[in-house]
Structure formats: structure tokens, C-alpha cells
Amino acid sequence: MANEKKLFRETRVYPIIFMLIITAIFIGILATFYQFSFAKVQKYRKTQLKKMVMGVFEIPTQNIENDFPRYITIRKMEDLIYYEYRQDSILMGYCFPISGSGLWGTIHALLAVTRDFGKIINIEIVDQNETPGLGGRITESWFKDQFKGKILIDDNILNNFMLISENEIAKDNEIKQITGATASSKALVDMIYEDVKKYNLKLRADL
Amino acid sequence: MILKQKMMNKVLYALIPIILFAIFLYGWRILMVIFISNIFAFLTEYLFIRKKKFGKVSMAAFVTGTLLALTLPPTIPFWMVAVGSIVAISFGKMVFGGFGMNVFNPAIVGRTFIYISFPNAMTMQWLQPLTKFPAGFAVWQNTSLVTTATPMIEYNNSAKLTELTQLFSGTISGSIGETSAILILLVGIYLVITKTAKWQPMLSLLISFSLFTSIFYGANPLQFIFSGGLMFGTIFMITDPVSMPKNKIAIWIYGLLVGFLTVFIRKFSLFTEGFMFALLLGNIFMPIIEFGLNQMKVKKSG
Amino acid sequence: MKKKEIFITSAFTQNSVWRQILGICSALAVTNLMLNSLVMGLGVIFTLALSGFTISLIREYIPKRIRMMVQTLIIASYVIIVDLFLKTFYPEISKSLGPYVGLIITNCIIMGRAEAFAGKNSPVDSVIDGIGAGMGYTLVLLIIASVRELFGFGSLFGIPILGDWWTKWSIMVMAPSAFFMLAILIWIINTPRQKRG
């Protein structure tokens, strides 16, 4: 031990202390940034979700922060988070997430139905990876709007929509498919069928 | 300028009856599609090798061009044929070092490229074949457009299978060369007898395809074999001597794998036709499987 | 080395993507739109410049054995700042870039520049080097994206260029085409260089 005096920077503790200091500094910087942005990001996310749910139920609104709690109740059942739409405390309908496999990946959507699952109120695509310009057109409003008001369950029979080509005229149980993207169109229709079958009784039993 | 390859010539001869039948069904425009595909295949390969010392365009380029053309729908726009042909030769073959070096079947590479790029042109517009003589021989283009009704697409949409006799005779809508199962089968027999194509990959593919069709669909596999591009693929695509493994056992594994993947993709994905992707996937795995088999052999003998 | 020389070396002659084949993961992922590529490029330039500056500033004090840890920590911090910034002010762009902003951390270019340049040179030079390398990277991204967006959507920066007659090439919008385009780009740039020897 009696050799030359070791420089502090060559001792074994130096790297540890150095790392601690530098970590502390950068965590400090990041924490500050995070503090600043966290609230904003959270708020944005919440507003996006609220906007989407309100949009699916087609509730016109000027002030989303006030109107959302007035109309919508967030409910949870097992793993499923769903939304109830009440007007003057009368249950008007449900909105719940549905998903199914598309051409290149899973399609996620929000589906709003009337309280008896009799009719579709609206559908909104949350996330999809379909071919842009083809299957990706499932997010276009002319396609989604076709589902509005379509009869879903009639006499306890779940309606499975038929696909027809884009230039025909759709009857009650028919949906115009996207030209060149039969698969993606069919995926959405199948998704509705499967998930409504799955949730229909569950949600209504909760009534 | 052109490297002579006897084997490839035989494949081209064998394709003549299929081309003639396609003209009968769809009109002379088919010939133009094949011509364009071949011209661009030739030009692409020529551009790549023109500066090499003994650079000659291989006969295989014409096989690729013709096979590619035959897998396209009869209504395909000419410029898409050109794109497919250029991609097939450049990305399917020349980037790997030219003839004999390619990992993938070039024709299938070209087809996949345009299939993904232009799904509209590739899957939506089919022609109702002409059947009364002189049929297509008298017209430039058959004009009886039908939308979405090849046997495969029909099955996918409504679980309705097409009659076997129809599938055999080829009077159904579909890609240019893939429609008549019986004709393709006869050509296949010719290729096997003249030792141009190996029978092992064909047989293993069909066995595995039938087996897995029965398992996944619980149905008689015959109609599935003869509908869609499977028959054409079995005779002309999987037997491509370059992208096929050399090792005997590997060939069997190759066929079985592609057969399984075809059924798997047809059943579980939203694509109607699985053979194309299955073959490419098979091509990807073959070098490593063959390498493994050779290693095992070395170990045993050593 | 002169400042100009540093910049040109790291941006062009030793371009990280086409000379060193670094950072190609993100070059493949975000290049389907010009706008995404530009934002991604700016994020990388920012991270490269500041991490280069910081690492160079404390390079005398970083213990040799743990220098990788320190570099990663510094790079990660700046990347998180970029990510948070986008999430806060440009949530739409942040969403369309997906996880790739966060993955700038694993972009080999940044680690590579930190190791190869910032650890040995002065802070100002490191900033110039970082900006140069970042701009070289952005340039590659924009070249690939311009081809992909033009073929795939018929537009540039979302502005329609080609008319209705143009048939959109779906494959150009999807990941596989990025492989083709990047390969072609590297090929075109490196072929004359190889011929010169």
C-alpha cells in the first residue's frame, strides 16, 4: 500500500461515483421535462378518447369536458372497458372496442350499438395496418357510414352483413366493399359479427 | 448473345400448348402479354451482364418471362407486365449473381411484387373464357368481364366449390395459364418423362397439400388441388432447378413445407391464393435446411 | 481538421448510411412519407449534435471502462426529450412515427459518432460532426421517402404531384420497398467509387 499515491480518477470507486452523478443530472433534466409534458400528453390522450367515444355515439358537443361525463359512463367488466351512453339517465346505447385480424395486422375499432343491440349506431376505426390506399380506406367515412343504422340483431338473430361491389346499391343487410380490398372489408364485417356475438349477452345481462 | 440451355428450351416447348389454350380462351392479347414480359426480361438481363466478359443472356430469362406472364390475369395492363418482368429478373435473379445463383424463383418474385403493388389489377378483373370455336383465335381480346369469380375467390367468399369437370377442362376464369388442370397435368408428365423436371418436389408438394387440406378443411382435396394456381405452381414453379435444393431429402422437405404453407396461408390469412407466398417462404428456408442436412452427413461419415 | 472538412466528411464522404451501413433500421421504417422522414431526421440531428457536445465536454472525465454506459445514458436522455417534445406539441406526427422516435436510442449512428468522434474531439467539432452525420442520414431518408411517397401516393409532403391517372404502387408504402430502395441507393452511390478503386 505504500506505493505512489493513487489518483482519485484511477480508484475503483470513481466510475461508480461518476455514474451516480451523471445519472442524477440527467434524470433531473428528464424529470423536469416529463413534469412539464406529462399533464399535456395525458390531457391530449384523454381528449382524443373522449372525442372518439362522443363521435361514435354522434353526440354533438361544444364543450367536450363538460358533455362527456354528462352523457357517457365508463364501465368495466372483466377485461373489457366499455362506455354507456345515457340521455337524461335513460340508457341509449353501448360502445365497446372490437378487433379482428386484417390483411397485414389486427384492426381495432370502436362500435356503438343501441341498448338492445338492435341497431348499429356507428363505427370508428381506432388502429389499422391495412394497405394504404386500398384496405386502408376502411377509415374513410363513406365506408364507415354504411354501418350507421344497420339492423344488428333482429328477433334474436344476429345479422351477418353481405358484401357487394362498390357500384351496386346496398340493401338492408348489405355493405359495399372497397374495390380491391375485399379482404379488409370482410375483416371489418366479420369482426363486428364475432365480437357482437361475444359481448351481446354479457353486456345486456348487466343491465 | 443468348446462352443456349437445352433444358430451358424443353420447358418453353412444353408451355406452347398452354399458351395456345390461353389464346383460345382469352384472345390474342395474351400473346402480347407474353411477348412484353419476355422482351423486358431479356433487356433487363442484358443490361446487367453486357459488360461481363462472357456475358450472355440465359435461356432461363425467357422461361421466367413466359412463366410470369402466364400467372397474371388476362386483363393485366401491359406496363404492369413490364414492371413485373423487370423486378423478376433484376431482384429475383441478377442481384444474386445471375443464372444459377438465385435463391428465389424469379417469376414468383415478379408476380409477388405486382400482386402486392397492384391488388386491384391482379385480383379484381377476370374474364369469362370463350368456349365456342374459333373463340379467342378470332378476337384480340375477350371482353366478357366478370368481377371476383375465380374458383378460389368464390370459395373464399361463399364456400362454394367449382365442379371438377370444369376445373379440368379449364373453362373457368383465372390467370392466363393456370386454368386447365388436365392440360397442365399432361405437360407435367411430358416434363417428367423427358427428365426436364424432377417428380420428387411435385409429388411431395401434392401429398402434403392434400394431407393438410383434408386436415384443415375436412374436405376432399381434389377440388382444391385443381383450383387456383396450385397445379401450375406444382408443375412449373416448384420444379425450378435453380431455386430448388440439390439434396434429395431436402427436396422432399421443400415440397412438404411449401404444401403445408400453401394450405396454411389459404386457411388462416385473408389472401385467397397462398402458393406464391408459400414458395417464397420455402425458398428462404431451403439453404439453411440443406446446409443442416449436409452437416449431418459429414458428421455421420466422419 | 477544418470545420468544413469535418462536416463534409461526416455528411457525405463517410455518410453513415451509404458508407457505413449504420442506422438503416429506422431508415427502413419511417421513409414512406416525406414529412415523417424529415421529422425523424431532425430528431436524429438534434440528438447527434447535443449528445456529441455533451460527451465531448466530459470526455476527459469519463472512465474508460464504463464509457459505453455513460454514452448510452446521455443519448437516451436526449432521445426521450425529443420524444416528449413531439408527444406534447405534435401528437399527430408522434403517433404516425410510432415507436421509432424512441428507437433513435438504438440508432447505431449516434453511438458510432460518440465512440468515433465525440470521445476524441472538442465540443464544437463534435457538434459540427453530429449535425453533419445527422444531415447525411436525413438526406438518405428524404431520397428514399421521395421515391416511395411519389410512387406509393403520387404526392410529395402530402401535396399531390401526379394526377389521377397514376396507379398507386401499394408496395412502395409498405416496408419491403424500403429494402429495395435503400439497396438501390447504396448501389448507385457506391458503384462509381468502387470503380475508381
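**Exercise 1. The sheet of chain A**

In what order do the five strands of the open sheet in chain A lie, and is the pairing parallel or antiparallel?

Solution. The structure is a predicted model.

Step 1. The strand order of the open sheet in chain A is β1-β2-β3-β4-β5, and the pairing is antiparallel.

Step 2. Strands β1 (72-77) and β5 (120-127) of chain A form the edges, since each of them pairs on one side only.

Step 3. On average, and with direction ignored, neighbouring strands of this sheet are turned by 25 degrees against each other.

Step 4. Within the sheet, strand β3 (residues 90-101) and strand β4 (residues 106-114) of chain A run antiparallel and are joined by nine bridges. A:Ser101 has A:Thr106 in β4(A) as its bridge partner.

**Exercise 2. Helices on the sheet**

Solution. 

**Exercise 3. The interface of chain A and chain C**

Characterise the contact between chain A and chain C by its residues, its buried area and its polar pairs.

Solution. 

Step 1. On the side of chain A, 24 residues are in contact with 26 residues of chain C.

Step 2. About 2,100 Å² is buried between chain A and chain C, and carbon and sulfur atoms give 80% of this area. A:Met19, A:Phe26 and A:Leu30 supply 25% of the area that chain A buries against chain C, more than any other three residues.

Step 3. On the side of chain A that touches chain C, α1(A) gives the most, with 18 residues.

**Exercise 4. Charged pairs**

How many salt bridges are counted over all chains? Examine individual pairs and the accessibility of their residues.

Solution. 

Step 1. Side chains of opposite charge can pair when their charged atoms come close. Over all chains, the count is 14 salt bridges.

Step 2. A:Lys186 and A:Asp190 form a salt bridge at 3.6 Å, N to O. The two residues are separated by about one helical turn, because they are four residues apart in helix α4 (residues 182-205) of chain A. A:Lys186 is partly exposed at 29% relative accessibility, and A:Asp190 is partly exposed at 30%.

Step 3. In the salt bridge of A:Arg137 with A:Glu140, the closest N and O atoms are 3.2 Å apart. A:Glu140 counts as partly exposed because its relative accessibility is 31%, a value between the cut-offs of 20% and 50%.

Step 4. C:Glu115 and C:Arg67 meet in a salt bridge at 3.0 Å, N to O. This pair links distant parts of the chain, 48 residues apart: C:Glu115 belongs to helix α6 (residues 108-118) and C:Arg67 to helix α4 (residues 67-89) of chain C. The relative accessible area is 25% for C:Glu115, which is partly exposed, and 29% for C:Arg67, likewise partly exposed.

Step 5. A:Glu58, A:Asp145 and A:Lys148 are joined into one network by salt bridges that share partners.

Terms used: Residues numbered from 1 in each chain as written. Chains lettered and ligands numbered in written order. Predicted model: local features only at pLDDT ≥ 70, side-chain atom pairs only at ≥ 80, totals over all residues. Heavy atoms only, no water. Salt bridge = Lys/Arg side-chain N within 4 Å of Asp/Glu carboxyl O. Buried < 20%, exposed > 50% of the residue type's maximum accessible area, 1.4 Å probe, protein only. Pairing = 2+ DSSP bridges. Axes fitted to C-alpha atoms, helices over the stretch in contact; angles between N-to-C directions. Contact = heavy atoms within 4.5 Å. Buried area = accessible area lost by both parts, 1.4 Å probe. Polar contact = N/O pair within 3.5 Å; in protein donor to acceptor, adjacent residues only side chain to side chain.
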